[in-house]
Amino acid sequence: MAFGVKGIPGSVPPYAPVIINVRQGRAWQDPLWQSQVLEGSGEEWPWLENWVEDRRVDAIRHPEGGCIQVVETQPNQPLQQGESVVLNIRTSPMLPTSGNDRKERETTMPWVVGTPDQVVPILELLVRHHPEVVSARLWSTSSMAFGADGVPSAGILPNMPVQFDVEILRQ
């Protein structure tokens, strides 16, 4: 039933039994799933993983609720606790808001590495696991970004997954 009498020359002999692994999941584009995520009744992490996987991005998945793609690093110069840096951050909601707009917000802010509650958890996770980072793209569940409150003035609704493009400048 698979490759029959011919098989695949050089790979699969004729009439060979074949095991096919199938993974069933929901498409990240599923509008019901998207609305459930924004309502806080749907699971964000599987949605985010499907979104990243669909783009075939080589990203590190952190079970805390985020994916990190390190774009550029500086070998032998890891960030140190207490070091002052400047963060250039572009924040983009990952789900369309009213009118299908994707508002982006750019922020420049000083940060003392390791200062708690000054940046969203996914940024702390980035620096903790990748202290040599110079720039990165992060995809985050709401729990690692702006949570159930969101930032409506910036177009980030409650429970919305967010993408961050981050550049870390040493002072």
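Trainee: Which strands does helix H3 lie across?

Mentor: Some ground rules come before that. This is a predicted model, where local features need pLDDT of at least 70, side-chain atom pairs count only at pLDDT 80 or more, and totals for chains, interfaces and linings use all residues. Residues are numbered from 1 along each chain as its sequence is written, and side-chain values use heavy atoms, without hydrogens or water. Helices (H or I, at least four residues) and strands (E, at least two) are DSSP runs, numbered from the N terminus. Now the case: H3 (residues 121-129) lies across E1, E2, E3, E4, E5 and E6. H3 runs at about 135 degrees to E5. Axes are lines fitted to C-alpha atoms, for helices over the stretch in contact (heavy atoms within 4.5 Å). Angles run from 0 to 180 degrees between N-to-C directions.

Trainee: In what order do the 6 strands form the sheet?

Mentor: Two strands pair if DSSP finds at least two bridges between them. Here the order is E1-E2-E5-E6-E3-E4, in an open, antiparallel sheet. E1 and E4 are the edge strands, each pairing on one side only. Neighbouring strands are turned by 25 degrees against each other on average, direction ignored.

Trainee: How many bridges join E3 to E6?

Mentor: The count is 9, and the two strands run antiparallel. Val86 has Leu169 as its partner in E6, and Pro93 has Val162. With E4, E3 pairs over 8 bridges, also antiparallel. There, Ile89 stands opposite Thr107.

Trainee: Why is E3 largely enclosed by the rest of the structure?

Mentor: Buried means under 20% relative accessible area, exposed over 50%, partly exposed in between (1.4 Å probe, protein chains only). In E3 (residues 84-93), 7 of the 10 residues are buried, so the strand is largely enclosed.
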